[in-house]
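Here is a short report on one protein chain. Please look over the sequence and the model before reading on.

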Amino acid sequence: MEKTKNIFVTDKESNIQIGKDITSNLISSLTGNMFSFSLGLMLLNITNSPLSFGLEMIIMPLVNLLFVVPIGNIVDSVEHKKIIISSLLFRLLALFILSATIGFFKDDYLFIPITIFVTINTICSNFNSTAYSAAIHEVVNQNHIQKLSSFTQAASSLSAIIAPPLGMTLYSLLGFKWMIFLEIFASLISFAIVLSMHFHYSPRKKQVNFIQMENIELTSQIKKFSNGLKYIHRQKLIMEMITIGVFINFLFTSLTIGMPYIISNNLHLGNGPISFLESGNSIGMLLGSLIIGIIPDKLSMKRKLFCSLIPTILSFICLGIVLAYLKGYLAITILGTILMVTLGFSLIILNVTTQVFLQKSVPTDLLGRVMSSITTINTSVMPVGTLVFALLFAHVHEGAWILITNGVIMLAYSLWRMTKI
């Protein structure tokens with residue numbers, strides 16, 4: 001396979017493109033995270049449903065599963081800038097429609113327009129992120145790829161830290177309708193920045209039209225996909241990692257939807273502690289991503305898994321204990337934030353360690369199929385977990401004990417499975 005070379009982009013233009021990309025990413029990720037957080041708060045405050053912060057966890061895996069093949073085919077066949085621009089335009093249209101129609105829905109019926117918007121938004125985001133990843137050689141030259149990736153990640157991490165408290169403040173002051181208008185304004189700025197960016201396409205690359213795409217044999221695609229699954233099945237360590245990951249992801253959904261629900265509906269502490277705990281998780285992930293590089297590579301994979309997974313689960317259990325026994329605003333905010341920092345720190349190390357292991361051990365010609373298969377398998381249980389725990393939190397008054405119970409089960413199960421690695 002011929003490797004794409006971005007020999008057309010100068011160092012000066014690369015630096016300009018990096019500046020535009022970082023600015024666009026910071027604006028879109030910051031306002032996008034603020035919008036998502038305020039959307040969850042709005043649903044929680046109006047519907048009192050634990051599903052408020054878990055809606056995206058149901059929709060995202062389903063969209064990933066349904067659109068993984070068409071997104072990959074289109075991104076590999078159409079100019080990436082056209083895909084990015086189209087995804088931004090469709091998202092803007094969805095925002096305008098949401099702002100015009102949301103006023104017609106009350107109480108639990110709010111889930112109708114929000115579910116439609118989140119579905120469209122997830123599809124657009126998948127197209128956007130996949131096209132951006134594939135277009136990196138078209139935006140900067142070889143010497144600036146690492147610089148672009150690190151700065152983009154830093155911008156995303158910074159926005160994830162700032163977004164919850166800022167989103168909570170603006171939502172309290174302006175209301176959700178104005179949060180939609182703010183997101184529309186920010187999306188228009190990002191759209192203008194993308195329009196100004198220059199994507200350098202190789203003159204030898206022939207674009208495949210949609211008629212040719214339709215002639216791709218389905219049997220060939222299924223055969224390629226099954227080869228990746230066969231490889232996974234033959235690797236004992238990878239199979240154990242998937243088994244642990246599926247079980248953990250199922251129980252971990254209880255934290256995502258349960259923590260905001262417990263604080264707001266069980267403890268009646270308002271939205272403040274929720275934003276601080278969410279920011280704490282993002283801070284932990286930022287610190288973990290910076291420190292992961294100094295972890296000795298000589299450690300065995302089993303030890304790396306143990307040193308990252310067990311602290312994650314222990315932080316999960318301790319957070320449940322804090323929410324069960326402490327009632328004060330300040331105590332829950334401080335201790336909860338510290339525990340979420342620890343949880344985010346160990347969780348990002350776990351994720352990066354697993355990803356690096358797969359990148360180093362899986363053959364290059366199988367890596368894409370193996371990574372996408374593992375991601376799809378691991379996230380496929382999230383919709384089920386979200387629905388199950390949404391029902392439990394709605395009917396169990398002391399929701400913190402659900403977290404404690406899940407944490408203990410995760411700890412026992414993980415220790416047992418690790419003995420088989």
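His-268 sits in the loop between H10 and H11. The model is predicted: local features need pLDDT of at least 70, side-chain atom pairs count only at pLDDT 80 or more, and totals for chains, interfaces and linings use all residues. Residues are numbered from 1 along each chain as its sequence is written, and side-chain values use heavy atoms, with hydrogens and water left out.

His-268 is not a glycine, yet its phi is positive, at about 55 degrees. Its relative accessible area is 63%, so His-268 is exposed (buried is under 20% relative accessible area, exposed over 50%, partly exposed in between, with a 1.4 Å probe and protein chains only). Asp-107 also has a positive phi, near 50 degrees, and is a residue other than glycine. Asp-107 is in the loop between H3 and H4. Most residues other than glycine have a negative phi.

## Overall build

The chain has 16 helices and zero strands. Both are DSSP runs numbered from the N terminus: helices are H or I with at least four residues, strands are E with at least two. Of the 421 residues in the chain, 47% are buried. The accessible surface comes to about 20800 Å², and carbon and sulfur atoms hold 68% of that surface. These areas come from the Shrake-Rupley method with a 1.4 Å probe; for residues, only the protein chains shown count as cover.

Among contacts between residues at least 6 apart, 87% join residues at least 24 apart. A contact means heavy atoms within 4.5 Å.

## Confidence

The average pLDDT of the chain is 80, and 81% of the residues score at least 70. This score is the predictor's confidence in each residue, from 0 to 100.

Two stretches call for caution. Over residues 1–7, pLDDT stays under 50, and the model has eight contacts there beyond four places in sequence. Over residues 204–216, pLDDT also stays under 50, with 17 contacts beyond four places in sequence.

## Nonpolar cores

A nonpolar core is a set of buried Ala, Val, Leu, Ile, Met, Phe, Trp, Tyr and Cys residues joined through side-chain atoms within 4.5 Å. The largest one has 89 residues. Phe-35, Met-42, Ile-114, Phe-176, Leu-255, Leu-323 and Phe-393 have the most contacts inside it. Helix H10 gives the largest share of this core, 11 residues. In soluble globular proteins, nonpolar side chains tend to be buried together.

Beyond its neighbours within four places in sequence, Phe-35 touches several residues, among them Leu-95, Phe-117, Phe-176 and Glu-183. A second, separate core has seven residues, including Ile-232, Ile-238, Leu-358 and Ile-374.

## Charged and polar pairs

Which residues form salt bridges? The count comes to three. A salt bridge is a side-chain nitrogen of Lys or Arg within 4 Å of a carboxyl oxygen of Asp or Glu. Arg-91 pairs with Glu-183 at 2.7 Å, N to O. Arg-91 is in helix H3 (residues 80–101) and Glu-183 in helix H7 (residues 176–196), 92 residues apart. Arg-91 is buried at 14% relative accessibility, and Glu-183 is buried at 2%. Arg-91 also has a polar contact of 2.5 Å with the side chain of Asn-121 (a pair of N or O atoms within 3.5 Å; within protein, one must be able to donate a hydrogen and the other to accept it, and residues adjacent in sequence count only if both atoms are side-chain atoms). Asn-121 lies in helix H4 (residues 111–134) and is buried, at 16%.

Glu-240 bridges to Arg-417, with the closest N and O atoms 2.8 Å apart. Glu-240 lies in helix H10 (residues 236–266) and Arg-417 in helix H16, so the pair ties together parts 177 residues apart in sequence. Glu-240 is buried at 10% relative accessibility, and Arg-417 is buried at 12%. Lys-82 and Glu-79 form a salt bridge at 4.0 Å, N to O. Glu-79 is partly exposed, at 27%.
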